[in-house]
Amino acid sequence: MVSNNTLAGLIVVAIVVSLASVITTVNLASRLPMALTGGVTGVTQVTVATEITISLPINTVDFGTMYVNDVDDTTDGSPHAFVIQNDGSVKVNVTVNATQLWSGTGATGTSSYYQFKSECNETGCVTDEATDLVSSWTNMPIDSAAVKVVDRLDFVDSKDAANVHIKITVPSDEPAGAKSSTVTFTSVAA
Amino acid sequence: MHRYFPLLFLILLPSALGIGLSPARIEIPYQPGANLTYDFMVLNNLKTPLLVELYTTGELSKQIVIHGPLKFELDPGMVRKLSFSIFMPEGLEPGLHKSGIGAIEGIPETEGGGTQLAARAAVVMQVWVRVPYPGKYIEISLHAEDVELGEETPLRITIKNLGSEDILAEDEINIFENEEKLATISAGKAQVKARETAELKASWKADHAGTYRAEALVKYDGSEATASATFRVGTLDLEIVNLSRERVSPGEIAKFKLKLKSLWNQPIQAIHADLEIVKDNKTLKSASSAPFDLGVWEEKEIPIFLETAGLEEGNYDARVKVYFENRSKERFFENRLEIVKYKPPEISLSILAIVLLIALVFIFILAFLFGKPRKRKKHVKKKKRKRKA
(Lines give C-alpha, C1' and ligand atoms only; values in the text may rest on other atoms or scores of the structure.)
Protein backbone atom coordinates (compact mmCIF):
# COMPACT_ATOMS: atom_id res chain seq x y z
CA MET A 1 0.00 0.00 0.00
CA VAL A 2 1.48 3.29 -1.05
CA SER A 3 1.40 6.00 1.60
CA ASN A 4 -0.20 9.42 1.05
CA ASN A 5 3.13 11.15 1.35
CA THR A 6 4.53 8.99 -1.41
CA LEU A 7 1.55 9.77 -3.63
CA ALA A 8 1.93 13.49 -2.99
CA GLY A 9 5.58 13.25 -3.88
CA LEU A 10 4.78 11.41 -7.10
CA ILE A 11 2.30 14.17 -8.03
CA VAL A 12 4.98 16.82 -7.51
CA VAL A 13 7.45 14.82 -9.60
CA ALA A 14 4.85 14.42 -12.36
CA ILE A 15 4.21 18.19 -12.44
CA VAL A 16 7.94 18.97 -12.56
CA VAL A 17 8.53 16.44 -15.36
CA SER A 18 5.58 17.87 -17.36
CA LEU A 19 6.88 21.42 -17.06
CA ALA A 20 10.38 20.36 -18.00
CA SER A 21 9.13 18.50 -21.07
CA VAL A 22 7.09 21.50 -22.23
CA ILE A 23 10.07 23.81 -21.86
CA THR A 24 12.33 21.33 -23.66
CA THR A 25 9.83 20.84 -26.50
CA VAL A 26 9.46 24.60 -27.05
CA ASN A 27 13.23 25.07 -27.10
CA LEU A 28 13.67 22.19 -29.53
CA ALA A 29 10.95 23.49 -31.84
CA SER A 30 12.68 26.84 -32.12
CA ARG A 31 15.81 25.10 -33.40
CA LEU A 32 14.09 23.07 -36.12
CA PRO A 33 15.60 23.56 -39.60
CA MET A 34 13.81 26.03 -41.88
CA ALA A 35 13.07 23.33 -44.40
CA LEU A 36 12.89 19.61 -43.96
CA THR A 37 13.33 18.77 -47.60
CA GLY A 38 14.42 20.85 -50.56
CA GLY A 39 14.53 24.24 -48.80
CA VAL A 40 11.05 25.27 -49.97
CA THR A 41 9.66 28.41 -48.38
CA GLY A 42 6.20 29.86 -48.37
CA VAL A 43 4.60 33.19 -47.65
CA THR A 44 1.71 33.68 -45.30
CA GLN A 45 -0.37 36.77 -45.65
CA VAL A 46 -2.90 38.12 -43.27
CA THR A 47 -5.16 41.09 -43.61
CA VAL A 48 -6.35 42.71 -40.42
CA ALA A 49 -9.88 44.00 -40.86
CA THR A 50 -10.58 47.58 -39.89
CA GLU A 51 -12.82 48.14 -36.92
CA ILE A 52 -14.80 51.13 -35.81
CA THR A 53 -15.54 51.23 -32.08
CA ILE A 54 -16.16 54.08 -29.67
CA SER A 55 -16.58 54.09 -25.93
CA LEU A 56 -17.53 56.75 -23.41
CA PRO A 57 -15.34 56.65 -20.28
CA ILE A 58 -17.28 59.62 -18.87
CA ASN A 59 -20.91 59.18 -19.83
CA THR A 60 -22.90 61.25 -17.32
CA VAL A 61 -23.01 64.95 -16.53
CA ASP A 62 -24.82 66.03 -13.38
CA PHE A 63 -25.24 69.79 -12.90
CA GLY A 64 -27.11 69.31 -9.64
CA THR A 65 -29.56 71.98 -8.43
CA MET A 66 -29.94 75.17 -10.45
CA TYR A 67 -32.12 78.30 -10.42
CA VAL A 68 -33.88 79.94 -13.34
CA ASN A 69 -31.51 82.06 -15.47
CA ASP A 70 -28.52 80.19 -14.01
CA VAL A 71 -25.70 79.30 -16.39
CA ASP A 72 -23.25 76.45 -15.87
CA ASP A 73 -20.78 74.47 -17.96
CA THR A 74 -18.20 71.72 -17.65
CA THR A 75 -15.07 73.74 -18.51
CA ASP A 76 -14.20 74.12 -14.82
CA GLY A 77 -14.16 70.38 -14.35
CA SER A 78 -17.24 70.42 -12.15
CA PRO A 79 -18.98 68.46 -13.45
CA HIS A 80 -16.52 66.81 -15.78
CA ALA A 81 -17.08 66.93 -19.52
CA PHE A 82 -18.07 63.88 -21.51
CA VAL A 83 -15.14 61.87 -22.80
CA ILE A 84 -15.28 60.08 -26.15
CA GLN A 85 -12.67 57.44 -26.83
CA ASN A 86 -11.78 55.77 -30.12
CA ASP A 87 -11.18 52.08 -29.41
CA GLY A 88 -11.15 50.99 -33.04
CA SER A 89 -8.43 50.79 -35.67
CA VAL A 90 -9.30 53.78 -37.85
CA LYS A 91 -9.65 57.50 -37.27
CA VAL A 92 -13.28 58.50 -36.84
CA ASN A 93 -15.55 61.47 -37.39
CA VAL A 94 -18.05 61.84 -34.57
CA THR A 95 -21.36 63.66 -34.69
CA VAL A 96 -23.76 64.50 -31.90
CA ASN A 97 -27.41 65.26 -31.26
CA ALA A 98 -29.68 65.07 -28.24
CA THR A 99 -33.23 64.88 -27.02
CA GLN A 100 -35.02 67.88 -25.58
CA LEU A 101 -33.78 69.17 -22.22
CA TRP A 102 -35.91 72.26 -21.53
CA SER A 103 -39.55 73.13 -21.93
CA GLY A 104 -39.22 76.89 -21.36
CA THR A 105 -39.94 79.50 -24.01
CA GLY A 106 -37.42 79.46 -26.85
CA ALA A 107 -35.54 76.49 -25.43
CA THR A 108 -37.51 73.47 -26.59
CA GLY A 109 -35.59 73.04 -29.82
CA THR A 110 -32.04 73.75 -30.89
CA SER A 111 -31.04 76.90 -29.02
CA SER A 112 -28.32 78.65 -27.07
CA TYR A 113 -29.82 77.28 -23.84
CA TYR A 114 -28.06 73.96 -24.51
CA GLN A 115 -24.65 74.02 -26.16
CA PHE A 116 -21.51 71.97 -26.64
CA LYS A 117 -17.89 72.29 -27.74
CA SER A 118 -14.96 69.87 -27.97
CA GLU A 119 -11.26 69.65 -27.13
CA CYS A 120 -8.58 66.99 -26.96
CA ASN A 121 -8.47 64.99 -23.75
CA GLU A 122 -5.07 63.67 -24.83
CA THR A 123 -2.63 65.80 -26.79
CA GLY A 124 -2.74 65.26 -30.52
CA CYS A 125 -6.04 63.41 -30.50
CA VAL A 126 -6.95 64.88 -33.89
CA THR A 127 -4.99 65.67 -37.02
CA ASP A 128 -5.57 69.44 -36.91
CA GLU A 129 -7.08 70.93 -33.75
CA ALA A 130 -8.04 74.11 -35.56
CA THR A 131 -10.36 72.32 -37.98
CA ASP A 132 -11.17 68.97 -36.38
CA LEU A 133 -12.62 70.26 -33.13
CA VAL A 134 -15.56 72.52 -32.32
CA SER A 135 -13.80 75.18 -30.29
CA SER A 136 -16.73 77.62 -29.87
CA TRP A 137 -19.98 77.00 -28.08
CA THR A 138 -22.41 75.49 -30.58
CA ASN A 139 -26.14 74.88 -30.16
CA MET A 140 -26.88 71.21 -29.53
CA PRO A 141 -29.16 69.76 -32.24
CA ILE A 142 -32.37 68.71 -30.55
CA ASP A 143 -34.21 65.80 -32.15
CA SER A 144 -32.69 66.77 -35.48
CA ALA A 145 -29.76 65.88 -37.74
CA ALA A 146 -26.51 65.33 -35.88
CA VAL A 147 -23.63 67.77 -36.33
CA LYS A 148 -19.88 67.40 -36.15
CA VAL A 149 -18.32 67.29 -32.69
CA VAL A 150 -14.89 65.75 -33.45
CA ASP A 151 -13.25 64.92 -36.78
CA ARG A 152 -10.35 62.54 -37.37
CA LEU A 153 -10.24 61.33 -33.77
CA ASP A 154 -7.15 59.15 -33.55
CA PHE A 155 -7.13 55.49 -32.51
CA VAL A 156 -3.62 55.31 -31.02
CA ASP A 157 -4.04 54.64 -27.30
CA SER A 158 -2.04 57.64 -26.17
CA LYS A 159 -4.17 60.13 -28.09
CA ASP A 160 -7.57 58.58 -28.70
CA ALA A 161 -9.83 60.60 -26.40
CA ALA A 162 -11.63 63.92 -26.67
CA ASN A 163 -13.68 65.97 -24.21
CA VAL A 164 -17.12 67.27 -25.11
CA HIS A 165 -18.07 70.20 -22.90
CA ILE A 166 -21.68 71.10 -22.18
CA LYS A 167 -23.07 74.52 -21.31
CA ILE A 168 -26.64 75.02 -20.16
CA THR A 169 -28.77 78.03 -19.29
CA VAL A 170 -32.00 77.62 -17.36
CA PRO A 171 -34.82 79.47 -19.17
CA SER A 172 -36.56 82.15 -17.12
CA ASP A 173 -39.93 80.37 -17.33
CA GLU A 174 -38.68 76.82 -16.92
CA PRO A 175 -41.07 74.83 -14.70
CA ALA A 176 -39.69 73.08 -11.63
CA GLY A 177 -38.79 69.41 -11.69
CA ALA A 178 -36.18 66.89 -12.77
CA LYS A 179 -34.67 67.54 -16.19
CA SER A 180 -32.84 65.13 -18.40
CA SER A 181 -31.58 64.68 -21.93
CA THR A 182 -30.20 61.79 -23.91
CA VAL A 183 -27.17 62.55 -26.05
CA THR A 184 -26.19 60.31 -28.93
CA PHE A 185 -22.68 60.16 -30.39
CA THR A 186 -22.36 58.55 -33.80
CA SER A 187 -19.02 57.73 -35.36
CA VAL A 188 -17.95 56.83 -38.89
CA ALA A 189 -14.54 56.18 -40.38
CA ALA A 190 -12.77 59.40 -41.28
CA MET B 1 -38.20 86.46 -8.28
CA HIS B 2 -36.05 83.41 -7.96
CA ARG B 3 -37.86 80.19 -8.35
CA TYR B 4 -36.07 77.42 -6.62
CA PHE B 5 -36.64 73.94 -7.78
CA PRO B 6 -34.69 70.83 -7.14
CA LEU B 7 -33.35 70.08 -10.52
CA LEU B 8 -31.56 66.89 -11.15
CA PHE B 9 -29.68 67.17 -14.33
CA LEU B 10 -28.65 63.90 -15.69
CA ILE B 11 -27.42 63.93 -19.19
CA LEU B 12 -26.86 60.30 -19.73
CA LEU B 13 -24.82 58.71 -22.39
CA PRO B 14 -24.32 55.09 -23.24
CA SER B 15 -22.73 53.49 -20.18
CA ALA B 16 -19.04 53.10 -21.09
CA LEU B 17 -19.98 51.96 -24.58
CA GLY B 18 -17.72 49.80 -26.63
CA ILE B 19 -20.00 49.02 -29.54
CA GLY B 20 -18.15 48.29 -32.76
CA LEU B 21 -18.49 47.24 -36.37
CA SER B 22 -15.98 45.61 -38.68
CA PRO B 23 -14.95 46.42 -41.33
CA ALA B 24 -15.22 50.16 -40.93
CA ARG B 25 -15.83 50.70 -44.65
CA ILE B 26 -16.70 48.61 -47.72
CA GLU B 27 -16.12 50.08 -51.19
CA ILE B 28 -18.05 48.39 -53.95
CA PRO B 29 -17.39 48.85 -57.69
CA TYR B 30 -20.56 49.72 -59.53
CA GLN B 31 -22.30 46.85 -61.34
CA PRO B 32 -25.72 47.98 -62.63
CA GLY B 33 -28.47 45.52 -61.78
CA ALA B 34 -26.23 43.35 -59.58
CA ASN B 35 -27.23 42.11 -56.13
CA LEU B 36 -24.06 41.51 -54.10
CA THR B 37 -23.60 40.07 -50.60
CA TYR B 38 -20.93 40.99 -48.04
CA ASP B 39 -20.08 39.89 -44.51
CA PHE B 40 -19.60 42.14 -41.49
CA MET B 41 -19.27 41.80 -37.71
CA VAL B 42 -20.80 43.49 -34.69
CA LEU B 43 -18.58 43.71 -31.61
CA ASN B 44 -19.21 44.21 -27.90
CA ASN B 45 -16.00 45.29 -26.20
CA LEU B 46 -17.69 45.82 -22.86
CA LYS B 47 -17.80 43.57 -19.82
CA THR B 48 -21.59 43.71 -19.80
CA PRO B 49 -24.19 42.42 -22.28
CA LEU B 50 -25.12 44.87 -25.01
CA LEU B 51 -28.47 45.31 -26.71
CA VAL B 52 -27.84 46.13 -30.35
CA GLU B 53 -30.13 47.59 -33.01
CA LEU B 54 -29.05 47.59 -36.64
CA TYR B 55 -30.25 50.05 -39.26
CA THR B 56 -29.37 51.26 -42.73
CA THR B 57 -28.64 54.83 -43.68
CA GLY B 58 -27.63 56.96 -46.64
CA GLU B 59 -28.41 57.25 -50.31
CA LEU B 60 -28.86 53.55 -51.04
CA SER B 61 -30.28 52.58 -47.65
CA LYS B 62 -33.41 51.12 -49.25
CA GLN B 63 -31.25 48.94 -51.50
CA ILE B 64 -29.48 47.32 -48.54
CA VAL B 65 -30.94 44.26 -46.84
CA ILE B 66 -29.42 42.97 -43.61
CA HIS B 67 -29.55 39.20 -43.30
CA GLY B 68 -30.30 38.31 -39.73
CA PRO B 69 -32.02 39.87 -36.74
CA LEU B 70 -32.07 43.65 -36.51
CA LYS B 71 -32.23 43.55 -32.72
CA PHE B 72 -30.23 41.18 -30.55
CA GLU B 73 -28.20 40.92 -27.39
CA LEU B 74 -24.45 40.49 -27.55
CA ASP B 75 -22.55 38.94 -24.63
CA PRO B 76 -19.46 40.67 -23.18
CA GLY B 77 -16.46 40.44 -25.48
CA MET B 78 -18.47 38.64 -28.15
CA VAL B 79 -18.54 39.15 -31.90
CA ARG B 80 -21.54 38.36 -34.10
CA LYS B 81 -21.00 37.72 -37.79
CA LEU B 82 -23.75 38.86 -40.15
CA SER B 83 -24.16 39.63 -43.82
CA PHE B 84 -25.98 42.11 -46.01
CA SER B 85 -26.87 42.36 -49.66
CA ILE B 86 -27.01 45.50 -51.78
CA PHE B 87 -28.84 45.92 -55.06
CA MET B 88 -27.27 48.41 -57.45
CA PRO B 89 -29.90 50.15 -59.55
CA GLU B 90 -29.33 51.15 -63.16
CA GLY B 91 -28.42 54.71 -64.03
CA LEU B 92 -26.53 55.88 -60.95
CA GLU B 93 -24.65 59.14 -61.51
CA PRO B 94 -20.82 59.02 -61.67
CA GLY B 95 -19.07 59.49 -58.37
CA LEU B 96 -19.27 58.14 -54.88
CA HIS B 97 -22.62 57.03 -53.47
CA LYS B 98 -22.48 56.79 -49.71
CA SER B 99 -24.61 54.57 -47.54
CA GLY B 100 -24.06 52.71 -44.33
CA ILE B 101 -25.10 50.12 -41.81
CA GLY B 102 -25.36 51.43 -38.27
CA ALA B 103 -25.30 49.69 -34.92
CA ILE B 104 -26.81 51.53 -31.99
CA GLU B 105 -27.16 50.48 -28.40
CA GLY B 106 -30.71 49.41 -27.67
CA ILE B 107 -32.57 50.81 -24.68
CA PRO B 108 -32.68 48.09 -22.03
CA GLU B 109 -36.10 47.13 -20.69
CA THR B 110 -36.98 48.12 -17.14
CA GLU B 111 -39.65 46.95 -14.76
CA GLY B 112 -42.08 49.13 -12.86
CA GLY B 113 -42.73 52.85 -13.20
CA GLY B 114 -40.65 55.89 -12.52
CA THR B 115 -38.60 58.08 -14.76
CA GLN B 116 -36.38 56.21 -17.13
CA LEU B 117 -33.35 57.91 -18.61
CA ALA B 118 -31.78 56.19 -21.59
CA ALA B 119 -28.69 56.97 -23.63
CA ARG B 120 -27.09 55.51 -26.74
CA ALA B 121 -23.96 55.53 -28.82
CA ALA B 122 -23.83 54.41 -32.44
CA VAL B 123 -21.23 53.39 -34.99
CA VAL B 124 -21.76 53.27 -38.75
CA MET B 125 -20.03 50.97 -41.21
CA GLN B 126 -19.74 52.87 -44.48
CA VAL B 127 -21.00 51.12 -47.61
CA TRP B 128 -19.79 53.08 -50.64
CA VAL B 129 -20.61 52.42 -54.26
CA ARG B 130 -18.21 54.02 -56.71
CA VAL B 131 -19.57 54.77 -60.19
CA PRO B 132 -16.81 55.57 -62.71
CA TYR B 133 -16.83 58.92 -64.50
CA PRO B 134 -17.18 58.88 -68.25
CA GLY B 135 -13.95 59.87 -69.93
CA LYS B 136 -11.02 61.05 -67.82
CA TYR B 137 -11.21 61.74 -64.08
CA ILE B 138 -8.75 61.25 -61.21
CA GLU B 139 -8.54 61.76 -57.46
CA ILE B 140 -5.18 62.18 -55.75
CA SER B 141 -3.79 62.04 -52.21
CA LEU B 142 -0.46 63.23 -50.87
CA HIS B 143 1.58 61.65 -48.10
CA ALA B 144 4.64 63.24 -46.44
CA GLU B 145 6.70 61.70 -43.65
CA ASP B 146 8.18 63.34 -40.58
CA VAL B 147 11.99 63.32 -40.54
CA GLU B 148 14.92 64.64 -38.56
CA LEU B 149 16.60 67.89 -39.51
CA GLY B 150 19.18 67.11 -42.19
CA GLU B 151 17.22 64.23 -43.73
CA GLU B 152 15.24 64.22 -46.95
CA THR B 153 11.46 64.27 -46.53
CA PRO B 154 9.86 61.54 -48.68
CA LEU B 155 6.76 62.71 -50.57
CA ARG B 156 4.31 60.32 -52.25
CA ILE B 157 1.40 61.16 -54.54
CA THR B 158 -1.25 58.46 -55.04
CA ILE B 159 -3.31 58.84 -58.21
CA LYS B 160 -6.62 56.98 -58.54
CA ASN B 161 -8.05 56.93 -62.04
CA LEU B 162 -11.81 56.93 -61.48
CA GLY B 163 -12.68 57.49 -65.10
CA SER B 164 -13.29 55.12 -67.99
CA GLU B 165 -10.19 56.15 -70.01
CA ASP B 166 -6.43 55.99 -69.42
CA ILE B 167 -4.64 59.22 -68.50
CA LEU B 168 -1.13 60.68 -68.47
CA ALA B 169 -0.49 62.56 -65.22
CA GLU B 170 2.21 65.19 -64.62
CA ASP B 171 2.77 66.56 -61.13
CA GLU B 172 4.16 69.54 -59.25
CA ILE B 173 4.66 69.79 -55.49
CA ASN B 174 4.97 73.13 -53.69
CA ILE B 175 6.43 73.33 -50.18
CA PHE B 176 5.14 76.01 -47.79
CA GLU B 177 6.05 77.14 -44.31
CA ASN B 178 3.02 78.99 -42.99
CA GLU B 179 2.03 80.96 -46.11
CA GLU B 180 5.53 81.34 -47.52
CA LYS B 181 6.35 79.20 -50.54
CA LEU B 182 9.80 77.68 -50.10
CA ALA B 183 10.24 75.32 -53.05
CA THR B 184 8.68 73.66 -56.10
CA ILE B 185 9.64 70.08 -56.94
CA SER B 186 8.46 67.45 -59.40
CA ALA B 187 7.80 63.73 -59.00
CA GLY B 188 7.68 63.10 -62.75
CA LYS B 189 4.95 61.67 -64.97
CA ALA B 190 2.83 58.54 -64.82
CA GLN B 191 0.52 56.66 -67.19
CA VAL B 192 -2.53 55.51 -65.21
CA LYS B 193 -5.02 53.08 -66.72
CA ALA B 194 -8.75 53.36 -66.12
CA ARG B 195 -9.85 52.20 -62.64
CA GLU B 196 -6.21 51.73 -61.59
CA THR B 197 -3.92 53.48 -59.12
CA ALA B 198 -0.36 54.76 -59.51
CA GLU B 199 2.22 56.46 -57.28
CA LEU B 200 4.71 59.25 -57.90
CA LYS B 201 7.58 59.89 -55.49
CA ALA B 202 9.76 62.87 -54.68
CA SER B 203 11.78 64.22 -51.75
CA TRP B 204 12.73 67.56 -50.22
CA LYS B 205 15.24 68.66 -47.59
CA ALA B 206 14.51 71.40 -45.06
CA ASP B 207 17.23 73.70 -43.77
CA HIS B 208 15.62 74.22 -40.37
CA ALA B 209 13.26 72.37 -38.03
CA GLY B 210 9.56 73.13 -38.16
CA THR B 211 6.16 72.17 -39.52
CA TYR B 212 5.67 72.39 -43.27
CA ARG B 213 2.89 71.94 -45.80
CA ALA B 214 3.21 70.24 -49.17
CA GLU B 215 0.64 70.94 -51.90
CA ALA B 216 0.51 68.64 -54.92
CA LEU B 217 -0.94 69.66 -58.27
CA VAL B 218 -1.46 66.90 -60.85
CA LYS B 219 -2.30 67.84 -64.42
CA TYR B 220 -3.80 65.39 -66.88
CA ASP B 221 -5.23 65.96 -70.34
CA GLY B 222 -6.38 69.51 -69.66
CA SER B 223 -7.65 68.91 -66.12
CA GLU B 224 -6.14 69.24 -62.63
CA ALA B 225 -6.38 67.61 -59.22
CA THR B 226 -4.88 68.88 -55.94
CA ALA B 227 -4.00 67.49 -52.52
CA SER B 228 -2.00 68.66 -49.52
CA ALA B 229 -0.23 67.22 -46.47
CA THR B 230 1.64 68.59 -43.47
CA PHE B 231 4.88 67.16 -42.12
CA ARG B 232 7.45 67.88 -39.43
CA VAL B 233 11.19 68.21 -39.53
CA GLY B 234 12.36 67.23 -36.06
CA THR B 235 14.80 68.64 -33.60
CA LEU B 236 15.99 67.83 -30.12
CA ASP B 237 12.77 68.29 -28.20
CA LEU B 238 10.16 66.36 -26.28
CA GLU B 239 6.52 66.78 -25.39
CA ILE B 240 4.97 66.47 -21.96
CA VAL B 241 1.89 64.55 -23.02
CA ASN B 242 0.00 63.92 -19.79
CA LEU B 243 0.17 63.43 -16.05
CA SER B 244 -2.12 60.91 -14.40
CA ARG B 245 -4.78 61.88 -11.84
CA GLU B 246 -4.23 60.22 -8.48
CA ARG B 247 -6.54 59.78 -5.52
CA VAL B 248 -5.02 58.83 -2.16
CA SER B 249 -5.68 58.97 1.57
CA PRO B 250 -3.81 61.53 3.72
CA GLY B 251 -0.19 60.51 4.26
CA GLU B 252 -0.15 57.92 1.50
CA ILE B 253 2.40 57.89 -1.28
CA ALA B 254 0.89 58.82 -4.63
CA LYS B 255 2.31 57.16 -7.71
CA PHE B 256 1.96 59.50 -10.65
CA LYS B 257 2.46 58.42 -14.24
CA LEU B 258 4.07 61.06 -16.42
CA LYS B 259 3.74 60.50 -20.15
CA LEU B 260 6.45 61.96 -22.36
CA LYS B 261 7.04 61.83 -26.08
CA SER B 262 10.31 62.37 -27.91
CA LEU B 263 10.18 64.68 -30.93
CA TRP B 264 13.64 63.71 -32.13
CA ASN B 265 15.11 61.15 -34.46
CA GLN B 266 17.86 60.23 -31.99
CA PRO B 267 17.69 58.81 -28.47
CA ILE B 268 17.57 61.40 -25.68
CA GLN B 269 19.48 60.28 -22.61
CA ALA B 270 19.69 61.21 -18.95
CA ILE B 271 16.30 62.92 -18.71
CA HIS B 272 14.70 63.60 -15.36
CA ALA B 273 11.43 65.21 -14.33
CA ASP B 274 10.39 67.27 -11.30
CA LEU B 275 6.81 67.25 -10.06
CA GLU B 276 5.37 70.05 -7.93
CA ILE B 277 1.98 69.95 -6.20
CA VAL B 278 0.44 73.37 -6.37
CA LYS B 279 -2.53 75.09 -4.78
CA ASP B 280 -3.38 78.79 -5.13
CA ASN B 281 -0.11 79.28 -7.02
CA LYS B 282 1.93 77.95 -4.09
CA THR B 283 4.13 74.88 -4.31
CA LEU B 284 3.27 72.60 -1.40
CA LYS B 285 5.12 69.40 -2.24
CA SER B 286 7.66 68.24 -4.80
CA ALA B 287 9.26 65.03 -6.03
CA SER B 288 11.65 63.94 -8.76
CA SER B 289 11.84 60.97 -11.09
CA ALA B 290 14.83 58.70 -11.52
CA PRO B 291 16.91 59.45 -14.66
CA PHE B 292 15.64 57.78 -17.82
CA ASP B 293 16.12 57.73 -21.60
CA LEU B 294 13.70 58.21 -24.49
CA GLY B 295 14.15 56.33 -27.74
CA VAL B 296 13.58 57.74 -31.23
CA TRP B 297 10.09 59.30 -31.32
CA GLU B 298 9.36 57.15 -28.30
CA GLU B 299 6.42 57.76 -26.01
CA LYS B 300 6.95 56.53 -22.47
CA GLU B 301 5.31 56.61 -19.05
CA ILE B 302 7.59 57.52 -16.12
CA PRO B 303 6.57 56.91 -12.50
CA ILE B 304 7.03 59.69 -9.95
CA PHE B 305 6.36 58.92 -6.29
CA LEU B 306 5.15 61.73 -4.08
CA GLU B 307 4.63 61.62 -0.33
CA THR B 308 1.42 63.39 0.59
CA ALA B 309 1.95 63.75 4.35
CA GLY B 310 0.90 67.21 5.45
CA LEU B 311 -1.55 67.79 2.62
CA GLU B 312 -5.15 68.36 3.61
CA GLU B 313 -8.18 66.83 1.96
CA GLY B 314 -9.01 68.39 -1.38
CA ASN B 315 -7.93 68.77 -4.99
CA TYR B 316 -4.48 69.97 -6.05
CA ASP B 317 -2.89 71.05 -9.31
CA ALA B 318 0.51 69.94 -10.54
CA ARG B 319 3.43 71.46 -12.41
CA VAL B 320 5.90 69.26 -14.26
CA LYS B 321 9.38 70.33 -15.34
CA VAL B 322 11.45 68.04 -17.55
CA TYR B 323 15.21 68.50 -17.95
CA PHE B 324 17.20 67.07 -20.89
CA GLU B 325 20.42 67.92 -22.75
CA ASN B 326 20.83 71.34 -21.09
CA ARG B 327 17.21 72.20 -21.89
CA SER B 328 13.98 72.12 -19.95
CA LYS B 329 10.28 72.05 -20.57
CA GLU B 330 7.39 72.81 -18.27
CA ARG B 331 3.65 72.09 -18.21
CA PHE B 332 0.85 72.84 -15.73
CA PHE B 333 -1.93 70.35 -15.04
CA GLU B 334 -5.18 71.02 -13.22
CA ASN B 335 -6.75 68.70 -10.62
CA ARG B 336 -4.11 65.98 -10.63
CA LEU B 337 -4.11 65.03 -6.94
CA GLU B 338 -7.12 64.36 -4.76
CA ILE B 339 -6.67 63.70 -1.05
CA VAL B 340 -9.65 61.87 0.43
CA LYS B 341 -10.10 60.70 3.99
CA TYR B 342 -10.83 57.11 3.14
CA LYS B 343 -10.09 55.26 -0.04
CA PRO B 344 -11.45 51.75 -0.28
CA PRO B 345 -8.76 49.27 -1.23
CA GLU B 346 -8.76 48.17 -4.82
CA ILE B 347 -8.65 44.45 -5.26
CA SER B 348 -8.55 43.05 -8.73
CA LEU B 349 -11.09 40.30 -9.33
CA SER B 350 -8.53 38.21 -11.17
CA ILE B 351 -6.09 38.34 -8.22
CA LEU B 352 -8.89 37.33 -5.86
CA ALA B 353 -9.80 34.41 -8.08
CA ILE B 354 -6.17 33.23 -8.17
CA VAL B 355 -5.85 33.45 -4.39
CA LEU B 356 -9.04 31.42 -3.90
CA LEU B 357 -7.87 28.82 -6.36
CA ILE B 358 -4.52 28.43 -4.59
CA ALA B 359 -6.31 28.13 -1.26
CA LEU B 360 -8.59 25.38 -2.62
CA VAL B 361 -5.63 23.44 -4.03
CA PHE B 362 -3.81 23.72 -0.70
CA ILE B 363 -6.86 22.45 1.22
CA PHE B 364 -7.20 19.55 -1.19
CA ILE B 365 -3.53 18.57 -0.74
CA LEU B 366 -3.82 18.72 3.04
CA ALA B 367 -6.96 16.57 2.99
CA PHE B 368 -5.25 14.05 0.74
CA LEU B 369 -2.12 13.88 2.89
CA PHE B 370 -3.77 13.66 6.29
CA GLY B 371 -7.07 11.92 5.50
CA LYS B 372 -8.21 8.33 6.45
CA PRO B 373 -6.12 7.66 9.62
CA ARG B 374 -8.73 5.46 11.46
CA LYS B 375 -8.79 2.35 9.18
CA ARG B 376 -5.11 1.65 9.92
CA LYS B 377 -5.64 1.51 13.74
CA LYS B 378 -8.59 -1.01 13.45
CA HIS B 379 -6.50 -3.32 11.31
CA VAL B 380 -3.64 -3.35 13.90
CA LYS B 381 -6.04 -4.19 16.77
CA LYS B 382 -7.45 -7.27 14.96
CA LYS B 383 -4.00 -8.70 14.42
CA LYS B 384 -3.16 -8.43 18.18
CA ARG B 385 -6.30 -10.37 19.21
CA LYS B 386 -5.42 -13.32 16.94
CA ARG B 387 -1.96 -13.74 18.49
CA LYS B 388 -3.33 -14.08 22.05
CA ALA B 389 -5.54 -16.98 21.08
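## Close-up views of a predicted model

**View 1. Thr56(B) stands opposite Ile101(B), a residue of strand E10(B).** Welcome to this predicted model. Let us start with strand E6 of chain B, residues 50-58, and its partners. E6(B) is joined to strand E10(B), residues 95-105, by 7 bridges, and the two run antiparallel. Strand E8 of chain B, residues 71-74, also runs antiparallel to E6(B), with 4 bridges between them. Here you can look for Leu51(B), whose bridge partner in E8(B) is Glu73(B).

**View 2. Three strands of chain B form an open sheet in the order E12-E14-E18.** Their pairing is antiparallel. At the edges lie E12(B), residues 138-144, and E18(B), residues 197-205, each of which pairs on one side only. From one strand to the next, the twist averages 20°.

**View 3. The largest nonpolar core holds 63 residues.** Ile84(A), Val92(A) and Ala103(B) touch the most other members. Strand E11 of chain B, residues 120-131, gives the most to this core, with 7 residues. As background, nonpolar side chains tend to be buried together in soluble globular proteins.

**View 4. Which residues does Ile84(A) touch, not counting residues up to four places away in sequence?** Among them are Ile54(A), Leu56(A) and Val94(A). Look also for Val150(A), Leu153(A) and Val164(A), along with Ala161(A), Ala162(A) and Phe185(A), which Ile84(A) touches as well.

Note on methods
Residues numbered from 1 in each chain as written. Chains lettered and ligands numbered in written order. Predicted model: local features only at pLDDT ≥ 70, side-chain atom pairs only at ≥ 80, totals over all residues. Pairing = 2+ DSSP bridges. Core = buried A, V, L, I, M, F, W, Y, C linked by C-beta atoms within 7 Å. Buried ≥ 20, exposed ≤ 12 C-beta atoms within 10 Å, placed from the backbone. Contact = placed C-beta atoms within 7 Å. Axes fitted to C-alpha atoms, helices over the stretch in contact; angles between N-to-C directions.
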